[in-house]
Each structure stands twice: as C-alpha cells, then as structure tokens.
Amino acid sequence: MNEEREVTMRDMYEAKRRIQHFVHATPIQQSFTLQEDFQAEVYMKLENIHQTGSFKIRGAANKLLSLTEVEKRRGVVTFSTGNHGVAVASVAKTLDIQAVICISHRVPTNKVVRLEKLGAKVVKVGDNQDDAENHAYHLAKTEGLTVIPPFDDREIIAGQGTIGLELIEQIPSIDMAIIPVSGGGLCAGISKVLKTYHPEVTIVGVSMEKSAVMYESIRTGEIVRLREENTLADSLLGGIGVANRYTFSMAQKYIDLFVLVSESEIKEAMALILNELQYAIEGAAATSVAAILSGKVDVTGKHVATIITGRNVDPSVVMTAYQHFYT
Ligand SMILES: *Cc1c(COP(=O)(O)O)cnc(C)c1O
C-alpha cells in the first residue's frame, strides 16, 4: 500500500533537497507587453533554460536519486523520445546508471542520435508508442530494470513540484498559475504546493485544442483515449494511462479552470516570447502565455505565473511564427 500513498509536501521538500546539485532554481521574468495589454502582473518561470531544455530534469533527477543502490546498479528503462527521455538519459549518465530507452521504429533518426549521444541504449520495437511502452515493462520484468514513468509517479510529481516551491518564494503575491497539461505531473506537483500555501490561488490548466486527453478525461469523468493529431504543442500529446494512479485525481481536485488554445494562439505566444525575451521556445511551452493572449482566462489585476516549460523546437518554426506576427 505504501506505493499508493498520496504525494505530500514532505515529498516536495525531499525532492528539493535531493536534486539541488543537479538542478538550479530557474529565474522568473515579467512580461511588460502582457502587463500593458492585460493590466496584470504576468511572470514567466523560465524552465526552458535547463541544460536539458525542459523542466523534466527535475522529476527525472528526483526519481533516479531516490533509487536504491541495487536498483541503480541494475539500470533504468523508459519509453519517451521527447523531453522526458532526454532528461532520464542525461541524469543517468551523470549518475553512471545504465539507461535503456524503448522507442518505436517510427521515431526519427535525429532523436535516436540525440539519446545515444547522451549515453542511453536505444531499443527499437514495434511501430507505435504503446509497443515501446509495453516493451519497457517487459524489460523491467525480465532484466530487473526500473521503469521511470514520465508523469504518473510520486517522485516525478514531487520533482516537478519543486517549481511550486520556487514560485511561492519568487512571487509571494501570486493569485493564479497557468500550467501546461499533458500527463499532468507538472500540474499536480505545482498545484499541490500552491494550494497548500495559498488555498485561494486559482489553478488554470491549459492544453492544445487537438487531442487534449486530460481535458476530455476530466470533462467526462473517466480516462479517455484520443487519436493523436499534429500540433505545435507536440510535447503535450499522449495518453494519461488507463490505470492512472495520481495525476488524474490530482488534476480533478486542483484545476479550477481548464482552457484549450488553438494552433494560431500558440504560434502568437511563441512569437511574443521570441520578440520580448529573445527565447525560442516550443509550442507546449507557449500554451500558458497563449491562454492569456486568447482572452480565455481573465487575468485583470492579478499576479499570474506562467510556466515556460521547454525549448525542444526547430528554430525555423519559431522564426516563421515571429515573421507572421511581427513583420
Ligand atoms: C512534459 C511536458 C509538459 C507537460 O508535462 P506533464 O507532466 O506531462 O503534464 C509540458 N511542456 C513540456 C515542454 C513538456 O516536455
């Protein structure tokens, strides 16, 4: 039963202590454009500036550092080619832990090369994400590897929750946080911290209009599966797991308002951040700013945190968006 206990504030502080030598606290920057246009104090938490390009390093570091010596010696396995896979490979390399990453044959070569450069062993299997995931659990059973899940795990959630611990110190007057949601580990961790310290803070979840699995699952009250469509917010694609243990119930409990943003709104937010901060960020990372730009969240007079989650994007995509909105 210990496995299933809920994520506590103590887990968050444990995470903060564990990861302190791997992950630096990130700065926040205010957007003067959004402040002018929306009469709100808008703070952007710069999770794009981590060495690995996204906040996923927090959860991955906390999970790997929490393993027993025996587990570390046997190695770990995961099934993400995106920011989570990169984070696991990178932390594993630093800790001298063997990381296996299961991927489908459809994953482009550049992603495979990137993971291999980080020292991971890439295993190709099947032709979709589910095959890769199943194979990871198979290897866990047959070879004693520990699975590092991307979001639905206590240590992963607590790792992402360290963003919340930084926010309460950096923005003591915070009244709203707008958080990009895919599997919901990020949102669960941050919300738990914010609602514990400031119960009156409004938590806004944001996803893209296309294939928003958590949004549909909360709306219908049961975990749904959706076909994946192309989107600029590709890091937000994927299911939440039919046997979800933590993030679905935490999202149901903590999210006060859930908004969906269009591709054009995402593009506009990417352009704004390049123009104002000179950061090229990925579509998923732009969604919390897009939620403000879209007018779907009333931020007037509020102190609002947005989370700039990552920068895993082809610069030409950001340039095209920039040219569309600013030239
Ligand atoms: C993983 C990820 C998210 C969403 O995090 P979840 O914990 O899966 O909800 C948002 N943005 C980026 C860039 C990500 O890599």
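Guide: We'll chat about helix packing, a threonine and the cores.
Guide: This is a predicted model, with local features needing pLDDT of at least 70, side-chain atom pairs counting only at pLDDT 80 or more, and totals for chains, interfaces and linings using all residues. Residues are numbered from 1 along each chain as its sequence is written, and side-chain values use heavy atoms, leaving out hydrogens and water.

Visitor: At roughly what angle do H1 and H9 cross?
Guide: Roughly 115°, and the axes of H1 (residues 9-19) and H9 (residues 185-197) come within 10 Å. Axes are lines fitted to C-alpha atoms over the stretch in contact, with angles from 0 to 180 degrees between N-to-C directions. Helices are DSSP runs (H or I, at least four residues), strands likewise (E, at least two).

Visitor: Which residues in H1 and H9 meet?
Guide: Met-9, Met-12 and Tyr-13 in H1 meet Gly-189, Lys-192, Val-193, Thr-196 and Tyr-197 in H9; contact means heavy atoms within 4.5 Å.

Visitor: Switching topic: why does Thr-162 count as buried?
Guide: Because its relative accessibility is 2%, and buried means under 20% relative accessible area (1.4 Å probe, protein chains only). Thr-162 lies in H8 (residues 154-170). Beyond four places in sequence, its contacts include Met-12, Lys-16 and Arg-58.

Visitor: And how many residues has the largest nonpolar core?
Guide: That core has 41 residues, and Ile-203 is one of those with the most contacts inside it. A nonpolar core is a set of buried Ala, Val, Leu, Ile, Met, Phe, Trp, Tyr and Cys residues joined through side-chain atoms within 4.5 Å. Apart from it lies another core of 36 residues, Ile-266 and Val-304 among them.

Definitions and conventions
Buried means under 20% relative accessible area, exposed over 50%, partly exposed in between (1.4 Å probe, protein chains only).
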